[in-house]
Amino acid sequence: MTDVTVMGAGIFGLSIAWACARRGAKVRVIDPGGPGAGASGGLVGALAPHVPETWNDKKAFQFESLVMAEGFWTEVARAGGADPGYARLGRVQPVMDEAGLALARAREQSAAALWQGKAEWRVEPAGRGWCPESPTGQVIRDTLSARLHPRRACAALVAALQGKGGEVLREGAQAGRVVWATGVAGLEELNRANGRTAGSGIKGQAAVLDHDARDLPQLYADGLHMVPHADGTVAIGSTSERLYDDPASTDAQLDEVIARARAAVPALAQAPVIERWAGLRPRSRSRAPILGAHPLHPGAFIANGGFKIGFGMAPKVGEVMADLVLDGTDRIPTGFRPEASA
Ligand SMILES: Cc1cc2nc3c(=O)[nH]c(=O)nc-3n(C[C@H](O)[C@H](O)[C@H](O)COP(=O)(O)OP(=O)(O)OC[C@H]3O[C@@H](n4cnc5c(N)ncnc54)[C@H](O)[C@@H]3O)c2cc1C
């Protein structure tokens, strides 16, 4: 007997299914494209915090999720025997000028208060080698950022679910409580039904370079994430495109991203490009996740709007959705309710 059916095998759907399965529910996930067919089948995998200031529900939720991530992914790896590529190695960013230095030092203070000693945001002298160019000679290092490998993380969740007797299918019947975690397709369904925009797909292009920095922190420079992975590659992302003809193609905009990454981090100057990829981020109108009772399917639930930080949010999204779906306990922040993006 299936207790919960999750429509959509992206990071939101799989994390919710896993959170339900580990509490003993019998879970079925259905996705005609298979796991990671949407945005979650990407390359980047930066789990990085918002800046520690002007605290709000979204930042607090993401912070809790990032803190939970290590335990979450360790348990997933143990349950299914597949490695999601998670490591909390921190992040380094250059400080570009004196104003930026003053701001970075102020954030050092606010992180000490807001991050409750669970992670640090500190200003320190730039290092050599795997470090972005820094005009001030100073960098910001945070110890909260982590990385995972998006595709392997999805595969690890599938293995963990199957280890608990769950099913991950391309087609099948819905049974029990139903959660819709269908990414951009789910936002388009809301748009059609409401006659106005609840959300849309924002295209992103990313690349993988052959450079081994596997035990080193991720870098953030010139608006780009440079994320070393355990397989000896570095993922670079991303463009952010509202207008596009082909959601899956890569073009000169990605070439420019790669050139900017090479300019910001000399260690990448000669690294060959191994893979190019593009996908659509599900962005809600409010830019926050959409979590709660489904506005269109009576009795069902929705989890959408992961936008740029779906992997970072996933552990906490799984937890609050399992609370709601299995126990009827609603711990969802007000700004994440479907009404906020209606
Ligand atoms: C270039 C790029 C870089 C990114 N970098 C990062 C990053 O570094 N860190 C981070 O945290 N996030 C990042 N993101 C964002 C992250 O990928 C998304 O927020 C996340 O993948 C969204 O997950 P999802 O499960 O909601 O949607 P998706 O992964 O899109 O999954 C939705 C699934 O629903 C399925 N589906 C559609 N219709 C149906 C239906 N009717 N029935 C059943 N299934 C259906 C689809 O096949 C798909 O598999 C990036 C995104 C992009 C594009």
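The following dialogue explains how to read several features of this predicted model.

User: How many helices and strands does the protein have?

Analyst: Helices (H or I, at least four residues) and strands (E, at least two) are DSSP runs, numbered from the N terminus. The protein has seven helices and 16 strands.

User: What radius of gyration does the protein have, and what would a compact globule have?

Analyst: The radius of gyration is taken over C-alpha atoms, and the globule rule is 2.2 Å times the number of residues to the power 0.38. For 342 residues the rule gives a value near 20 Å, and the protein agrees, with 20 Å. Along the principal axes, its C-alpha atoms fill a box of roughly 60 × 45 × 40 Å.

User: What share of the residues counts as buried?

Analyst: A residue is buried if 20 or more other C-beta atoms lie within 10 Å of its own, exposed if 12 or fewer, and partly exposed in between, with C-beta atoms placed from the backbone. Of the 342 residues, 49% count as buried.

User: What share of the contacts joins residues 24 or more positions apart?

Analyst: Two residues are in contact if their C-beta atoms, placed from the backbone, lie within 7 Å. Among contacts with a separation of 6 or more, 76% are between residues 24 or more positions apart.

User: Into which domains is the protein divided?

Analyst: Domain bounds come from an automatic or database domain assignment. The division gives domain 1 (4-87 + 146-197 + 285-341) and domain 2 (199-284). Their centres, taken over C-alpha atoms, are separated by 23 Å. In the contact between them, 29 residues of domain 1 meet 22 residues of domain 2. Helix α5 gives the most to the domain 1 side, with four residues. That side holds twelve nonpolar, 13 polar and four charged residues. Here Ala, Val, Leu, Ile, Met, Phe, Trp, Tyr, Cys and Pro count as nonpolar, Asp, Glu, Lys and Arg as charged, and the others, Gly among them, as polar.

User: Which residues come nearest to the ligand?

Analyst: A residue is near a molecule if its C-beta atom, placed from the backbone, lies within 6 Å of it. Of the 40 residues around the ligand, G10, G38, G183, G204 and G310 come nearest. The shell divides into 18 nonpolar, 19 polar and three charged residues. Domain 1 and domain 2 each contribute at least three residues to the shell. Elements that each supply at least two residues include α1 (11-21), α5 (183-194), β14 (273-284) and α7 (310-327).

User: Where is G279, and is G279 buried or exposed?

Analyst: G279 is placed in strand β14. With 25 other C-beta atoms within 10 Å, G279 is buried. Leaving out residues up to four places away in sequence, G279 touches G38, A39, G41, G42 and G204. P247 is 32 residues from G279 in sequence, yet their C-alpha atoms are 6.0 Å apart.

User: Which residues of helix α4 are buried, and what covers them?

Analyst: An α-helix has 3.6 residues a turn, so residues three or four places apart point the same way. In α4, the buried residues are P150, R152, A153, C154, A156, L157, V158, A160 and L161. Their cover includes α1, β2 (27-30), α2 (57-80), β8 (167-169) and α7. Just after α4, G165 takes a positive phi of about 85°.

User: Which residues other than glycine have a positive phi, and where is there a cis peptide bond?

Analyst: Most residues other than glycine have a negative phi, and most peptide bonds are trans. Q116, which is not a glycine, has a positive phi of about 55°. Q116 lies in the loop between α3 (98-114) and β5 (121-125), and is exposed, with 10 other C-beta atoms within 10 Å. R287, also not a glycine, has a positive phi of about 70°. R287 lies in the loop between β14 and β15 (290-293), and counts as partly exposed, with 14 C-beta neighbours inside 10 Å. The peptide bond from G237 to S238 is cis, with omega near -5°. S238 lies in the loop between β13 (233-237) and α6 (252-264).

How values were computed:
Residues numbered from 1 in each chain as written. Predicted model: local features only at pLDDT ≥ 70, side-chain atom pairs only at ≥ 80, totals over all residues.
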